[in-house]
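Subject: Structure for you to look at

Hi there,

Here is the structure I promised to pass on. Please open it alongside this note, and I will walk you through what turned up.

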Amino acid sequence: MYRSFLSVSGFTLLSRLTGFLRDVVVSALIGAGTMGDAWAVAIRLPNHFRAIFGEGAFNAAYVPTYLRVYEQSDIWAARHFANQIFTLLVMSQIVTLALGWMFMPTLVHLLAPGFGAEPEKFALAVKLTRITFPYLFCITLVTLHSGTLNAHGKFAIPAFAPVLLNLFILAFLAAAFLFPNAAYAAAAGVTASGLAQLALLTFSARRMHLMEKLARPELSADVRAFFRRLGPAVIGSAGVQIAMFADTIIGSLLPTGGLSSIYYADRLYLLPVGLVGVASGTVLLPEMSRCFARQDWAGAFTAQNRTLAMTFTLTAPFAVAFIFIPELIVRALFQHGAFHAADTSATAAVLRAYGVGLLAVVAINALRSGFQAMGDTRTPMMVSLGALMVNLLLKVVLYKPMGAAGIALATSANAWINLAALAVIGWRRFLFQPDDMLKGVAMASATAAVILANVAVWFEGPFVALGYRFGFLGGLVALALFGSLGAIVYGGAVVGFCRALGVTPARMGLGRLARQKIVKKI
């Protein structure tokens, strides 16, 4: 499991690094004004739909059902099931694409009602979103291929595919002189990347003899089981995404630049969410589904606890950085070209608010996997809805006095409520059983995070001065050096405290991974 996690995390890191390069270029060419706000809506709309109906909900229903059919029957029955879902998915996405193009002004008005007061911004948002919307069709089929490959232990290609999004946007921005402006070029790059990702995953699935085919739709018992799980899964996985939809809707009511500050902070916030949270959920769901199908309860809980331990350890330093040094991060990465000092301050405030809920957001996937692997998508749905109600209320209350930062803070509160409810319900239903290893790693990570926070507070000044002295490049160097110092301090503290608490590599399953590497070398 660790090898698969590292594979997904490695390619996710590559995706986030190329994404940072993309956002640096976007911030310079598009900025945080009218064009930036319109671009934020154009990229968010297909991404939100993809996250709700594609990655999260679809995988929660598809992977456990596919693995149950595969484990309890054979590969041919599993492939027949996959063909049925593929056919229904293609049909539904064609309808969605047609309706989206026809009613795009209405969709944009619902997503960004504040744009109605600025006709130029609204018109640009509609045009850009029409260009990016076909990305949803491509990426939903990519999700199906990825789910099938993941179920068979193939994680590398699906994890690499999102890198193409960033590379294509960068390539199209390099040719921005061929478009009316840079936002049009970036939007065209989004759709082109969807086609490239679909081609890559189609080739990979065909090479593994796992390519789905169009078939006559049948409402078989397995397909009915899939849809029974899909409905609640859509709502259960949609909680955070609907909260981010609300961020966009309410953010459009803020003065120009407010929505852009949410967008740029969200780009930074998604680095650990993708690197740790998405990676852990991608690997853990098929692992727990396989264990539950074989009635290997101990194996399922061991996998879940090890995943949560990695989640806490890897996410804590990001949370500390976002809360204590957001200005340094945003200034180093984005403050140049059309992105000014005032934009840095606004984006940093949003990033700090997002940082408050970061640990909860990345841990939710691991706890939710326990329910989904057992076929229970209803409980996460009910928890998500309850947390969402509180979230929306807080957004309405906080956005006026706190601006964009209040919107992000409400999203963080939503994540903690969701996590706490899943943990309590999962423990009572024997779907979450924390062991001594998890408790020890959590305590070690928390103590090391306190030490790291003190380092951030005491040493921020000298590194900020270094960044100011040498300009944009100096800011990047200062951030890299500060990050390296923090990694050394935090990593050393975690290792030391884990040893003091008796948490060894063998207890975390790392000893076996090391032995496997040695055997391969021999």
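**Two helices side by side**

Helix 14 and helix 17 run roughly parallel to each other, because the angle between them falls under the 35 degrees that sets the limit for that label. Please keep in mind that this is a predicted model. In general, a pair of packed helices is described by the angle between the axes and how far apart those axes are. Here the angle is about 10°, and the axes of helix 14 (residues 341–356) and helix 17 (residues 404–428) are 7 Å apart. On the helix 14 side, the contact is made by Ala349, Val350, Ala353, Tyr354 and Val356. Helix 17 answers with Ala404, Ala405, Ala408, Leu409, Thr411, Ser412 and Trp416. Sorted by class, this contact has ten nonpolar residues, two polar ones and no charged ones.

**The largest pocket**

Next, have a look at the largest pocket, which holds about 830 Å³ of space. It is lined by 28 residues, and those closest to its centre are Pro317, Phe318, Ala321, Gly483 and Ala487. Which elements give two or more residues to this lining? They are helix 1, helix 11, helix 12 (297–324), helix 13 (326–334) and helix 18 (436–500). Helix 18 has the largest share, with 14 residues. By class, the lining of the largest pocket counts 24 nonpolar and four polar residues, and no charged residues.

**A buried asparagine**

Asparagine 305 sits in helix 12. Is asparagine 305 buried or exposed? Its relative accessibility is 2%, so asparagine 305 counts as buried, the limit being under 20%. Setting aside neighbours within four places in sequence, asparagine 305 is in contact with Phe432, Gln433, Pro434, Asp435, Met437 and Leu438.

**Two residues with positive phi**

Lastly, a couple of backbone angles to check when you have the model open. As a rule, most residues other than glycine have a negative phi. Histidine 209 is not a glycine, yet its phi is positive, at about 60°. You will find histidine 209 in the loop between helix 9 (182–207) and helix 10 (221–251). With 60% relative accessibility, histidine 209 counts as exposed, because the cut-off is over 50%.

Phenylalanine 430 is another residue other than glycine with a positive phi, near 60°. Phenylalanine 430 belongs to the loop between helix 17 and helix 18. How exposed is phenylalanine 430, and what is its relative accessible area? The relative accessible area is 48%, so phenylalanine 430 is partly exposed.

Happy to go through any of this with you.

Best wishes

Note on methods. Residues numbered from 1 in each chain as written. Predicted model: local features only at pLDDT ≥ 70, side-chain atom pairs only at ≥ 80, totals over all residues. Heavy atoms only, no water. 1 Å grid on protein atoms, 1.4 Å probe; cavity = no way out; pocket = protein on both sides within 12 Å on 5 of 7 lines; lining within 4 Å. Points joined across faces, edges and corners; volume = space filled by probe spheres on them. Helix = DSSP H or I, 4+ residues; strand = E, 2+ residues; numbered from the N terminus. Nonpolar A, V, L, I, M, F, W, Y, C, P; charged D, E, K, R; others polar. Buried < 20%, exposed > 50% of the residue type's maximum accessible area, 1.4 Å probe, protein only. Contact = heavy atoms within 4.5 Å. Axes fitted to C-alpha atoms, helices over the stretch in contact; angles between N-to-C directions. Parallel < 35°, antiparallel > 145°, perpendicular 65-115°, else oblique.
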